[in-house]
Amino acid sequence: MPITASNKTAGTHHIVVRPNASLTPEGARLYFAFISIVSLGIAIRFTVLGLWPILLFAILEMVLLGGCILYILRRNERMEAIDLDAHQLVLTQKEHGRERRQQFQRYWVQIIREKGLHAWYPSRLMIRSHGKSVEIASFLDEEERSELEQNLRMAIATG
């Protein structure tokens, strides 16, 4: 489950939201090593038989596959943390090695869920206060976004 909530004592709540990532860095390395060995092994065999362009395409294929795996692993590093105490809500968003922190007064915070333009578009979960709104959990599916919305509403209400 990509949503974890903890520390509900003394009126504080801590909710961490991460993308659902089934590919671990270790698994990615093993997968890439296996595919590289097989692909380059076949390409080297054809190179020995005189078909040298196959090796160039195999190398290009491995470079593209490695780039795609790195992109996926980097996207899976995203994280959003919501810290809620008696007076404020602090939203910390981490993506691509950058961290963005925003604070909202707890009393004025609104949790808003906007429907997509069409039925097949995902909804958007927003935190809004004093004319400032921030989208959260854009990487979650509808069911997980709904669960997060309920957790946030309950955390804000229970104070």
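Here are a few questions and answers about this predicted model.

Modeller: Quick ground rules: residues are numbered from 1 along each chain as its sequence is written, and side-chain values use heavy atoms, without hydrogens and water. Since the model is predicted, local features need pLDDT of at least 70 and side-chain atom pairs count only at pLDDT 80 or more, while totals for chains, interfaces and linings use all residues.

Colleague: Is Phe 34 buried or exposed?

Modeller: Phe 34 lies in helix 1, helices being DSSP runs (H or I) of at least four residues, numbered from the N terminus. Buried means under 20% relative accessible area, exposed over 50%, and partly exposed in between (1.4 Å probe, protein chains only). Phe 34 has 53% relative accessibility, so it counts as exposed.

Colleague: And Ile 82, buried or exposed?

Modeller: Ile 82 sits in strand 3, strands being DSSP runs (E) of at least two residues. Contact means heavy atoms within 4.5 Å; leaving aside neighbours within four places in sequence, Ile 82 has contacts including His 13, Leu 91 and Leu 152. Its relative accessibility is 1%, so Ile 82 counts as buried.

Colleague: Which side chain of opposite charge is nearest to Arg 78?

Modeller: Arg 78 is in the loop between helix 2 (53-75) and strand 3 (79-84). It's buried yet has no salt bridge, meaning a side-chain nitrogen of Lys or Arg within 4 Å of a carboxyl oxygen of Asp or Glu. For charge, Lys and Arg count as positive and Asp and Glu as negative, with His and the chain ends not counted. At 4.3 Å, the nearest side chain of opposite charge is Glu 95.
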